[in-house]
Amino acid sequence: ANSKYIGRRNAKLENNLLYVDNKPYFPLVIWNVPYEALEEVKSWGANAVFSVSNYATEDCFNTEQGVYMDKAYELGLNVIGESAMTARLKNAEIMPVSVEKFSNHPSIIAWQIADEPEHQFPDLKIPADTLKSQYDSLKLSGLTLPIWANLYHTSQTFISYTPNPGGEGCYLWEKESDITSRLSAYSNAVDFWAVEPQIMEEFDFLFQAKRIKRMNRANENMLLWTDLFPYIGSELKTDQPALVEMGYFSIITGGKGILIDGYDTLSYPDRQNRILYVKQLFKELSNNNNELADAVLSEDITSQFEANPRFKLDYKWSYSERCQANIEYLTEVSKGIDFIAKRKDGKIYIIAVNPYDAIKDAEFSSPLLNGKTKVKVMFEEREIPISQDSTGKIYFTDRFEKTFNLVKSDGSSSSVTNGIERHVYIIE
């Protein structure tokens, strides 16, 4: 079937933000959505889908059921196109059929040029200069929409292992500075990028923070989306009880878009549990005509607030007696609350996440609270009074603790209370 719609969407990058139809845009994307599921993911709060792809489901372009992009456009879903696999052909002049055919469909707002180009396996790795050639080829063809890549291998590359018959051997890993250089090489081959902090075995916020921080170090001026996987390892068959927290944590650490990878990972036996948390995250961000998502893209005033205790992540050189070498690695983690503060239309929004059990209570203070009497906690229907101590500090406190039902692999379940929690505050 031929498309009913023709026209290139007004989508561009400006001030490190993606603008769609001349407005800042925060994407809430579901990856690899089949034709028959478009209405379903729209009901979850998604505003974009990823399926014009070499990885697309077999019915993506089934002409008997209509054009995929037409249906998405009619539902108000934007589409992320993909040309990822052609880059691995190492020939920049080979243009994928999807780019040639659908560049002028108004549903499409961006194109992915590669998935995991910095892959550690030689057969899958795309050299940065090859990717840059394809990027230039796409731009010369008249493609004006933003081009991006999804980067996965932002973890340290294993270099060598020296056995020690008398005890623990020595593992040497890639230096943090070398990771930065390796990732920076791809900066000129894309307009923006996404980081893929796969967290499968546990809710490792530290792992997520490290990967996102590495991306920001590689190019702090580049727009960053976060690609989250809504599943964990084989020990648990429940959803990620921390998926909502991880989504907000990715925003705090610099993400300006969230991709859920993907629709097929939501098809496991506990499908409804997984979808519940994806819907919660997306609905909160898109609630009240995208109030919170728009606030995330607005003026940053985090530096004018303090949180106590505050989460901190630092790297430094340290000499290893066992390895007999200087090794640069993560050595300092201060457990506490991480947050961002934003201001839009005279209102202050604070997104705060506690990624550890160890901290239950936190205090937020700022001179900007002067003259305010209360803080509203969004999505929780409660308020917190604002106080002032004898030193003049203006602050409010809140508890970070929640209970969820944990289902184990043997089918048994238990109620678990921990400090992995998030709150969203609004101060008017």
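Visitor: Which side chain makes a polar contact with the side chain of aspartate 398?
Guide: The side chain of arginine 382 does, at 2.8 Å. A polar contact here is a pair of N or O atoms within 3.5 Å; within protein, one must be able to donate a hydrogen and the other to accept it, and residues adjacent in sequence count only if both atoms are side-chain atoms. This is a predicted model, in which local features need pLDDT of at least 70 and side-chain atom pairs count only at pLDDT 80 or more, while totals for chains, interfaces and linings use all residues. Residues are numbered from 1 along each chain as its sequence is written, and side-chain values use heavy atoms, with hydrogens and water left out.

Visitor: Where does aspartate 398 lie? Buried or exposed?
Guide: Aspartate 398 lies in strand β24, residues 394-399. Helices (H or I, at least four residues) and strands (E, at least two) are DSSP runs, numbered from the N terminus. Aspartate 398 counts as buried because its relative accessibility is 9%; buried means under 20% relative accessible area, exposed over 50%, and partly exposed in between (1.4 Å probe, protein chains only).

Visitor: What does aspartate 398 touch?
Guide: Not counting residues up to four places away in sequence, aspartate 398 touches Lys360, Asp361, Ala362, Arg382, Ile384, His423 and Tyr425. Contact means heavy atoms within 4.5 Å.

Visitor: Turning to the open sheet of six strands, what is the order?
Guide: The order is β14-β18-β19-β27-β21-β22, with antiparallel pairing. Two strands pair if DSSP finds at least two bridges between them. β14 (299-300) and β22 (382-385) each have a single partner strand, so one side of each lacks a neighbour in the sheet.

Visitor: How many bridges join β18 to β19?
Guide: Seven bridges join β18 (residues 338-344) to β19 (residues 347-354), and the two strands run antiparallel. Lysine 344 stands opposite lysine 347 in β19.

Visitor: Which helix packs on that sheet?
Guide: Helix α7 (residues 243-252) does, touching β18, β19 and β27 (421-427). Its direction makes about 120° with that of β19; axes are lines fitted to C-alpha atoms, for helices over the stretch in contact, and angles run from 0 to 180 degrees between N-to-C directions.

Visitor: How many residues of α7 are buried?
Guide: 10 of the 10 are buried, so α7 is largely enclosed by the rest of the structure. Among them are Glu245, Tyr248 and Phe249. Glycine 254, whose phi is positive, near 125°, follows α7.

Visitor: And where is lysine 125 found?
Guide: Lysine 125 is in the loop between β7 (108-115) and α4 (128-140). At 36% relative accessibility, lysine 125 counts as partly exposed.
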